[in-house]
Amino acid sequence: MTAHQRLADDYDRLLVDLDGTVYAGAVAITGAATALRSLPVTYVTNNASRSPAEVAQHLRELGFDAPDESVVTSAQAGAGLLATLVPAGTPVLVIGAPALRDEVHARGLKTVDRAEDAAAVIQGHNPENGWAQLSEAALAVRAGNPWVATNTDATLPAERGLLIGNGSMVAAVRNATGRDPHVAGKPFAPIFDDAVRASGSQRPLVVGDRLDTDIEGGNTIGADSLLVLTGVNNVSDVVAAPDLHQPTYVCDDLTGLLQPRQESVPGPRPGWTATVDGDDLILTGAPGADRAHAKFVAIRAARELPEERRAGLRLTIR
């Protein structure tokens, strides 16, 4: 196989997610560092709790090639978005980690700790966020101040499983105030725009493990996308997903970037047939059929159905 056959070589920049894609907490996903070595990567993360330099250092400790400038976080995107909504010097209530506070300061905005002193609110993930911080945010949001969320991920992948994400805490403030925030992180465009602008990319590939952030984000900005099955979503989720959540490619893990592009495109595979019976999508393999190919046939068969039919599909592989 020559280099030009690799999936990665069709793109000038890989916009790669972190949690669930290259690592789970403190543990690198097997093969991820080797797969990404020497490829043009920008790491794009919805986690706003650490600075780009801290994220890059963590990646390097896990064996990844990751200069500080290769990381784009939702804290950066959120602070940048907020700076377009309010003038320099605006006092901002920051509900989040010190990394988010630093990004707000870097945009010429002031930070405050009480709702009564705030003229804007920004909310990002911090493991220390609790009732007191969320209540302060609710007071400031109910007062009518501009409100930015760095991201709205309901969960956060970790070694032990899926933990509470920033989106679940944003939902608490939304429920208490009846208002919706401006959102900077995936699947919305600001964070991708930052990554594309920083890298100068003309043809990026969005890579991640979540349909509702990474894949929807790629579709939002008109970029191709790759779903890896190492994190939140699985093949059954893709089968039932609407068009907005459908990826261009599907791979078991990041090593798929080094394989021929066509191997990761949903479509027919030798020895497999798909049948739809009510709410059941049944994949049947002939003797000797490669079971790893079933997922591509299933996804293609589901895509041929209207979105409303897909939503309740149950996948069975025989």
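The following legends describe close-up views of a predicted model.

Local features are reported at pLDDT of at least 70 and side-chain atom pairs at pLDDT 80 or more, whereas totals for chains, interfaces and linings use all residues of this predicted model. Residues are numbered from 1 along each chain as its sequence is written, and side-chain values use heavy atoms, with hydrogens and water left out.

View 1. Helices (H or I, at least four residues) and strands (E, at least two) are DSSP runs, numbered from the N terminus. Helix 5 has 12 residues and spans 16 Å from its first C-alpha to its last, close to the expected 16 Å at 1.5 Å a residue; the expected span is 1.5 Å times one less than the number of residues. Leu134, Ala137, Ala138, Ala140 and Val141 of helix 5 are buried. Because the buried residues fall within an arc of 170° when seen down the axis, they line one face of helix 5. Here buried denotes under 20% relative accessible area, exposed over 50%, and partly exposed the range in between (1.4 Å probe, protein chains only), and the arc is that of the directions from the helix axis to the C-beta atoms. The exposed residues Trp131 and Arg142 are carried on the face of helix 5 turned away from its buried side. The cover over the buried residues of helix 5 includes strand 6 (91–95), strand 8, strand 9 and helix 6. Just after helix 5, Gly144 adopts a positive phi of about 95°.

**View 2. Helix 6 and the elements that cover it.** Helix 6 (residues 166–177) contains 12 residues and reaches 17 Å between its first and last C-alpha atoms, close to the 16 Å expected at 1.5 Å a residue. Its buried residues are Asn166, Gly167, Met169, Val170, Val173 and Thr177. They lie on the same side of helix 6 because they cover an arc of only 160° around the axis. Strand 8 (120–123), helix 5 (131–142), strand 9 (147–149) and strand 11 (161–164) are among the elements covering these buried residues. Gly178, which follows helix 6, has a positive phi near 75°.

**View 3. Packing of helix 5 against helix 6.** The two helices pack at an angle of about 45°, and their axes are 9 Å apart. Helix 5 is therefore oblique to helix 6, given that angles under 35 degrees count as roughly parallel, over 145 as roughly antiparallel, 65 to 115 as roughly perpendicular and the rest as oblique. Helix 5 contributes Leu134, Ala137, Ala138, Val141 and Arg142 to the contact, and helix 6 contributes Met169, Ala172, Val173, Ala176 and Thr177. Contact means heavy atoms within 4.5 Å. Axes are lines fitted to C-alpha atoms, for helices over the stretch in contact, and angles run from 0 to 180 degrees between N-to-C directions. The crossing of helix 5 and helix 6 is right-handed; a crossing is right-handed if the near helix is turned clockwise from the far one by less than a right angle, and left-handed if anticlockwise.

**View 4. Packing of helix 3 against helix 4.** Helix 3 (residues 74–85) and helix 4 (residues 98–106) pack at about 35°, with their axes 9 Å apart. The crossing of helix 3 and helix 4 is right-handed. Ala75, Gln76 and Ala79 of helix 3 meet Leu100, Glu103 and Val104 of helix 4.

View 5. Eight of the 10 residues of helix 10 (residues 294–303) are buried, so that the helix is mostly covered. These buried residues are Ala294, Lys295, Phe296, Val297, Ala298, Ile299, Ala301 and Ala302. Their cover includes helix 9, strand 15, strand 16 (272–277), strand 17 (280–285), helix 11 (307–310) and strand 18 (314–317).

View 6. Most residues other than glycine have a negative phi, and most peptide bonds are trans. Ser38 lies in the loop between helix 1 (32–36) and strand 4 (41–45), and its phi is positive, near 75°. With a relative accessible area of 72%, Ser38 is exposed. A cis peptide bond, with omega about 10°, joins Lys186 and Pro187. Pro187 is located in the loop between strand 12 (182–183) and helix 7 (189–199).

**View 7. The surroundings of His245.** His245 occupies the loop between helix 9 (235–240) and strand 15 (249–251). Its relative accessibility is 18%, so His245 counts as buried. Apart from neighbours within four places in sequence, His245 is in contact with Leu211, Asp212, Ile215, Glu216 and Asn219.
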